[in-house]
Structures are given as C-alpha cells and as structure tokens.
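Please keep the sequence and the structure in view while reading.

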Amino acid sequence: MYFSGLGTATPTKRYTKAECLNAFQGSDWYERLDARSHLIARTVLQRDNGIETRHLALDSLAESFEIDPDTLARRFLAHAPALATRAAERALTAAALGAAQIDAVIVSTCTGYLCPGLTGYLIERLGLRPDVQAYDLVGHGCAAALPNLQLASTLLGSERCEHVLSVCVEVSSAAMYLDDDPGVLISACLFGDGAGAAVLSRLPSATSRGVEWLDGASLIVPAERNALKFEQRGGMLRNVLTRAVPALAAEYAARVLPTVLERTGLTADDITAWIMHAGGRDVLLALEKRLDLDPDDLRYSAAMLREYGNLSSAFVFFVLEAALADDAPGGHWWLSSFGAGFSCYGALLRVQ
C-alpha cells in the first residue's frame, strides 16, 4: 500500500491558552466548579503543557460552555462533514486523482454519532461513485487512524480496490463536558478540532514522494479500558482521562515497535523519522524516555501538539504531513497511535 496524497483541515478560529483560561473564568461554569478545579485549570493553561493554541469549531469561546446534548449534536453535524470533506479534497488534489477513481472510503471518529454515517456525507459532497465501498469506524478513540489504515491495506491487498480514501475527523468541541473530576478538566484543556485524510493506492504514485506501508501490529488490553475512554453521562460524551495514560502509552508503544521490527529484521536505530500520536506533553516525555529517543526525534509530534493541541484520531495525519513537508530523511519511518481500549497500534513505512 502506498500513500498517494495527504490532506488536513481545521476550523478557522484559533484560540490561545490564555484566551481559554479567560473565557473559563468569565463563564457560569467557573462558579459551578470548586476551588480545586479552578487551580487545575489555571495550572494546565498557564504552565508549559506543550500546547500554545487550538483550532475549535466555535465562533467564540463562550459557545464552549453551552453544554447540552442537542447543542453538541448540532455542532458535530455542522462541522464534522465539512472538516472531513476539506481534508479529503486536499488529499485527492495531492494525489492528482478524481473522486470517481476512489473505490472505498473509510471514516473514523469518536466525538459524535451520525446514522447514516459520515461516509454518506463524503460520498455526497465529494461526488464519490454510488457503488463505492463505505466503512464507518467508531470506538477506537485517539488510536483510530492506524486501524483505519490497516483496513485500507487489506482492501488494497485484495486487489478489488485501486484507491482507498482514509479519513479521521474529530470535533472535540462537540464532546465538551465539565465537572470537578481532574481528568475531565485536563481533557477540556488539551483537545482541538480537525480532520486528516490520505489517499492510499495499490501501486506507487508518480506525483508524490514514495511512502509505502510495509507492516503493522496492534496491542489491545481491555483490562486497562478504564484508563482512557468515553462514557455516556446525561446524554453526552464524558472523557475519562487518568494519570496512568502516559505510562501505558509508552509501555505499549515499546511492545508494539519490536513486534514489527523483528519481523522485518530491523532495529530502532534504523528508524529515521518518528510519526507519533501525542496525547499531551507528559505522553511525549514518557515516549521519549521509554523508547530511548532524543527530543528532536519527536519534534514533528511536539510541533503539531503546540499548534493544534491533541486532535485525537486525526493527529498522526498532521504529523506525517509535517515530516514530509520538512523533507525529513527517507528510509524507515515509524507511525504509531494509541487510545481507548487501552490500545496501541504501529506501522513501519518505507519513505523515498
């Protein structure tokens, strides 16, 4: 499987940490939450948490405190199809392919629910063929890009598809929830809105730098599912984020990586670029320590986190795009994500 084109999209409005803190302190929610919650919010939004700005599908930050099921559902419907379409259009343009050439479309999301799913909106807005194979994937959380790409690899390997469109889109501002739980508050300070897309092809493209998917692996440990998940409360999604996440992410990433390297006869020293999901600054630090990396190895993940925040499933598309735009050295690249489950996925890429 080859990456023929990449595309990303975010809402136009961008907000700084200081703006988010000011909006929170001026909201009705500030009075509803206790003094400990005030301290947590100030600490996260005033210290170096690895994030400077986030793009959110909000005309003003005051909208983020309109937290009720109907408002959040409308926000997801208004913005998820639009962001997914923009990212997909950019990926198609980069691949120099028309919509009619796409044989399958796969969309992943965890921040909202539509039935019919987002694939139908993309078929309509992009003008994909009516007989295109369509797959809506849910429940993978931040890890979703990799299982999405694994499915694309299987479809292309069957030789029944020549080109597959892979899309991850998250409207985190449509999954807003607040209470006095520290994990909930920290989550509200970390996540941004965005979409990433890739056109995957059975044969290499003549119009883009060669990026080939070689092999992948996954690790899912249901016993740790309570460490990171969404739950339903009051008709809304409530993000459960615990202190164990950085250590779990690093531990499982360190177990998935050698699984693939051993099959290919490579070592970690053969990896020339690291395309890693970044749950937050503490996660990046844990990955750096556990995988014995230099801070520079994770510079693309850190840069995307600083500019966009945690984009959940879409994040690794932004990191891969950044590495390619920077003309990172070719060779073997490692692409990895983790999330709800607790799950971790990794893939070895060969880049020209």
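This is a predicted model: local features need pLDDT of at least 70, side-chain atom pairs count only at pLDDT 80 or more; totals for chains, interfaces and linings use all residues.

## Second largest pocket

The lining of the second largest pocket is made up of 13 nonpolar, eight polar and five charged residues. This pocket has a volume of about 650 Å³, and of the 26 residues that line it, Arg47, Ile186, Leu241, Thr242 and Asp282 are the closest to its centre. Two or more lining residues of the second largest pocket come from each of the elements α3, α7, α8 (245-264) and α9 (281-290).

## Largest pocket

For the largest pocket the volume is about 900 Å³, and its lining counts 50 residues, with Ser172, Ala174, Ala175, Met176 and Phe230 lying nearest the centre. The elements that contribute two or more residues to this lining are the helices α1 (17-25), α3 (35-46), α4 (69-95) and α7 (182-190), together with the strands β9 (228-233) and β10 (236-241). Sorted by class, the lining of the largest pocket holds 34 nonpolar, 14 polar and two charged residues.

Glycine 309 is located in the loop that runs between α10 (299-308) and α11 (315-325). Its relative accessible area is 0%, and therefore glycine 309 counts as buried, the cut-off for that term being under 20%.

Apart from neighbours within four places in sequence, glycine 309 makes contact with Ile51, Thr53, Arg54, Leu190, Met304 and Phe315. Threonine 111 stands 198 residues from glycine 309 in sequence, while the two are 15 Å apart in space, taken from C-alpha to C-alpha.

Note on methods:
Residues are numbered from 1 along each chain as its sequence is written. Side-chain values use heavy atoms; hydrogens and water are left out. On a 1 Å grid over the protein atoms alone, a cavity is a set of points where a 1.4 Å probe fits but cannot get out, and a pocket is an open set with protein on both sides within 12 Å along at least five of seven lines; lining residues have an atom within 4 Å of a point. Grid points are joined across faces, edges and corners, and a volume is the space filled by probe spheres set on the points. Helices (H or I, at least four residues) and strands (E, at least two) are DSSP runs, numbered from the N terminus. Ala, Val, Leu, Ile, Met, Phe, Trp, Tyr, Cys and Pro count as nonpolar, Asp, Glu, Lys and Arg as charged, and the others, Gly among them, as polar. Buried means under 20% relative accessible area, exposed over 50%, partly exposed in between (1.4 Å probe, protein chains only). Contact means heavy atoms within 4.5 Å.
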